[in-house]
Structure formats: structure tokens, C-alpha cells
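Here is a briefing on a protein model.

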Amino acid sequence: MDNTPRPGMAILLAVGGQTWRTEFVGLEEGALQLSLGEMPPLELLRLDPGTKVSCRYHDSQALCLFDTTVRGQLHEKERHLLELEAPSQVARNQRRRHLRVSRHVPMTLRLPLRNEALSKVRGKEFVMNCWVEAVAVNISAGGMRMLLRLPRQHSVAQHREAHVRFELGGEVFRDRRLTFVRRDWSSDDVVLVYEFADLNRDEAERIEGFNLSWLQQQSQSGRPENE
């Protein structure tokens with residue numbers, strides 16, 4: 001196997017439309033050993049040999065993905081290990097650090113808006129921070145591209161940060177800080193690109209897991225990613 005992950009590296013394992021975070025232990029006799037933690041999920045303990053799974057992890061330069069099958073289960077000291085067949089090859093995606101998918105996620109965004117009518121009446125720019133409805137048209141743990149639904153006679157004022165509220169995979173992300181990257185001028189609609197500024201590691205990994213599960217579901221259903 002090329003591009004073997006380092007011991008202790010997080011491996012996202014997906015099967016049956018769900019994704020779990022595991023830890024790579026090592027490569028023994030052609031098997032990848034993954035630690036399932038002190039309290040392993042029952043779904044993983046019930047995996048039979050030959051079950052197909054998908055795995056992904058990040059090395060220093062790329063996102064690495066591979067498909068393989070379950071070899072078996074092991075108990076080692078206080079750890080429960082899942083053994084996978086070592087894949088013949090690992091796909092490396094060096095274009096992005098995070099897995100980005102095209103999916104529509106309703107959001108609420110707080111950012112400064114310019115009131116065109118009041119600015120005209122007052123003869124100077126009138127700006128207020130407002131909550132507006134938006135839809136992310138793609139999303140990753142790194143950030144998102146979102147379509148804004150602005151109230152009439154309002155436009156986006158110059159800004160560096162915004163805050164967002166949304167739900168993904170049953171988890172609510174509330175008032176998370178965003179860093180403004182750019183506006184996408186390829187469309188007449190108001191489409192802005194942001195990066196997450198304050199996600200912690202667990203939140204980033206959960207978004208990655210949601211995206212991987214969603215991609216698998218799309219693949220199994222035969223639907224294109226952007227539906």
C-alpha cells in the first residue's frame with residue numbers, strides 16, 4: 001500500500017451511509033488496524049468480514065481516499081481494533097484540504113448591509129448588521145459558497161467577517177464566525193465565498209463525515225452530486 005497513514009492519524013471510515021472517526025494503529029501482515037476507542041459503536045462491532053468500507057484521511061499535502069473490505073476484529077489490551085484489507089492504491093486529491101460537496105444547505109447569515117433608500121435620503125452610506133436568509137451551494141469544513149436572499153433596496157457592505165447559523169446532519173452550528181474571501185461575480189445573484197474562522201477539530205471532522213456520507217448516498221442512489 002502506498003501513502004500509508006502515520007500511527008495515531010485520524011481515519012474517517014464510512015459504511016452504510018454513516019461515518020465514524022477511528023485512529024490508525026499500524027499495518028500488520030497486510031491488514032490495516034484501526035482503533036475504535038474505549039466504547040466502540042455497535043455498528044462497527046457488527047461488521048462482518050468482507051463488508052465494503054470507504055476511508056479517508058489527510059496527510060500533510062493531500063486528501064487521501066481508498067475503498068477496502070473488513071478482514072476482522074481484534075481485542076488488544078483495552079482497545080478494540082478493526083482490521084481492514086490493505087488497499088492496492090490510495091487516491092490523493094491535492095487540490096483542496098477539505099472535501100467539498102455541491103449540496104444546498106439553508107443558512108442564516110449576519111453581515112453588514114447597506115440600505116440603498118436611506119443612504120440616498122441621508123446623502124451618506126447607511127449600514128446596519130442584519131440577519132438574512134442564505135443557501136450554501138457548496139460546503140466543506142474549510143468554508144462555503146453561499147447564495148444570499150437580500151431584502152429589497154439592500155446590498156452587501158464591505159466587510160471582513162460574518163456569522164452564520166445552520167444545521168447539518170442533525171447538528172446545529174450556531175453563530176459561527178466566517179472570514180470573507182470574495183464575491184463570485186460570475187452570477188447576477190449575490191454569491192459570496194467564506195472560510196470558517198472558529199471551527200474546532202471535532203466540528204470540522206463532523207462536517208467532513210457528513211459530506212462523505214452524503215457523497216456515498218448520492219453514489220448509491222445514482223443521483224448527481226448537485227441535486
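Start at the hairpin of β12 and β13: two residues lie between the strands, and Gly169 takes a positive phi near 60 degrees. Helices (H or I, at least four residues) and strands (E, at least two) are DSSP runs, numbered from the N terminus. Strands count as paired if DSSP finds at least two bridges between them.

The model is predicted: local features need pLDDT of at least 70, side-chain atom pairs count only at pLDDT 80 or more, and totals for chains, interfaces and linings use all residues. Residues are numbered from 1 along each chain as its sequence is written, and side-chain values use heavy atoms, with hydrogens and water left out.

**Overall picture**

- The protein has three helices and 14 strands.
- Of its 227 residues, 43% are buried. Buried means under 20% relative accessible area, exposed over 50%, and partly exposed in between (1.4 Å probe, protein chains only).
- The accessible surface is about 13,100 Å², and 44% of that belongs to carbon and sulfur atoms. Areas come from the Shrake-Rupley method with a 1.4 Å probe; for residues, only the protein chains shown count as cover.
- Take contacts between residues at least 6 apart in sequence: 58% of them join residues at least 24 apart. A contact means heavy atoms within 4.5 Å.

**Strand pairing around β13**

- β12 and β13 run antiparallel and are joined by seven bridges. Within this pairing, Val164 has Arg176 of β13 as its bridge partner.
- β13 also runs antiparallel to strand β14 (residues 191-196), with five bridges between them. Phe180 stands opposite Tyr194 in β14.

**Salt bridges**

- Side chains of opposite charge can pair when their charged atoms come close. The rule used here is a side-chain nitrogen of Lys or Arg within 4 Å of a carboxyl oxygen of Asp or Glu. The count by this rule is 11.
- Arg165 lies in strand β12 (residues 161-168) and Asp175 in strand β13 (residues 171-183), so the bridge ties together parts 10 residues apart in sequence. Arg165 is partly exposed at 27% relative accessible area. Asp175 is partly exposed too, at 32%.
- Glu171 and Arg206 meet in another, at 2.5 Å from N to O. Glu171 is in strand β13 and Arg206 in helix α3 (residues 201-221), so this pair ties together parts 35 residues apart in sequence. Arg206 is partly exposed, with 33% relative accessibility.
- Glu85 pairs with Arg71, the closest N and O atoms being 3.0 Å apart. This pair links distant parts of the chain, 14 residues apart: Glu85 is in strand β6 (residues 79-85) and Arg71 in strand β5 (residues 63-76). Glu85 is partly exposed at 29% relative accessible area, and Arg71 is partly exposed at 30%.
- Arg21, Arg201 and Glu205 are linked in a salt-bridge network.

**Glu167 in close-up**

- Glu167 lies in strand β12. Buried or partly exposed? Glu167 is partly exposed, at 42% relative accessibility.
- Leaving out residues up to four places away in sequence, Glu167 touches Val105 and Val172.
- The C-alpha atoms of Glu167 and Met107 are separated by 7.7 Å, while the two residues are 60 apart along the chain.
- A polar atom of the Glu167 side chain lies 2.4 Å from the backbone nitrogen of Gly170.

Conventions: A polar contact is a pair of N or O atoms within 3.5 Å; within protein, one must be able to donate a hydrogen and the other to accept it, and residues adjacent in sequence count only if both atoms are side-chain atoms.
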